[in-house]
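Hello,

Here is the structure, handed over for your own look. My notes follow below it.

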Amino acid sequence: MDVAVNSVRYLDELGAALGRKGWSASLRFGRPPLLRVVHPSLRGVGESVAVVLVEGVPWFRASTGDLIGPCSDVRGARARIVRTLGPLVAG
């Protein structure tokens, strides 16, 4: 599987899921494509998410290199991003 072919679709799905929870997500088209995720009340802090292959399976990866979750689990990936960034918004 060529991860680049599906990366934009996976990132778009994640962005839409985050948008339904009040987060802002915008695609950055480059190599690799990235999804920039921020909360509207804290625009200066966020996360850049990419798609990588892990043992042949596409996963979301944070800018820190941490794996967020498989692309097949958009809800789980959304929850992890919200858990990670949420305290920064609340603080």
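Arg-9 is partly exposed, at 42% relative accessibility. Glu-13 is partly exposed too, with a relative accessible area of 33%. The class means a value between the two cut-offs: buried is under 20%, exposed is over 50% (1.4 Å probe, protein chains only).

This is a predicted model: local features need pLDDT of at least 70, side-chain atom pairs count only at pLDDT 80 or more, and totals for chains, interfaces and linings use all residues. Residues are numbered from 1 along each chain as its sequence is written, and side-chain values use heavy atoms, with hydrogens and water left out.

Arg-9 and Glu-13 form a salt bridge, with 3.3 Å between the closest N and O atoms. The term covers a side-chain nitrogen of Lys or Arg within 4 Å of a carboxyl oxygen of Asp or Glu. A search of the whole structure finds one. Both residues sit in helix H1 (residues 3-19), four residues apart, about one turn of the helix. Helices (H or I, at least four residues) and strands (E, at least two) are DSSP runs, numbered from the N terminus.

Now the sheet. Five strands make an open sheet, ordered S1-S2-S3-S4-S5, with antiparallel pairing. Two strands pair if DSSP finds at least two bridges between them. Strand S1 (24-28) and strand S5 (67-70) are the edges, and each pairs on one side only.

Strand S3 (residues 42-54) pairs with strand S4 (residues 57-61) over five bridges, in the antiparallel sense. Phe-60 in S4 is the bridge partner of Val-51.

Best wishes
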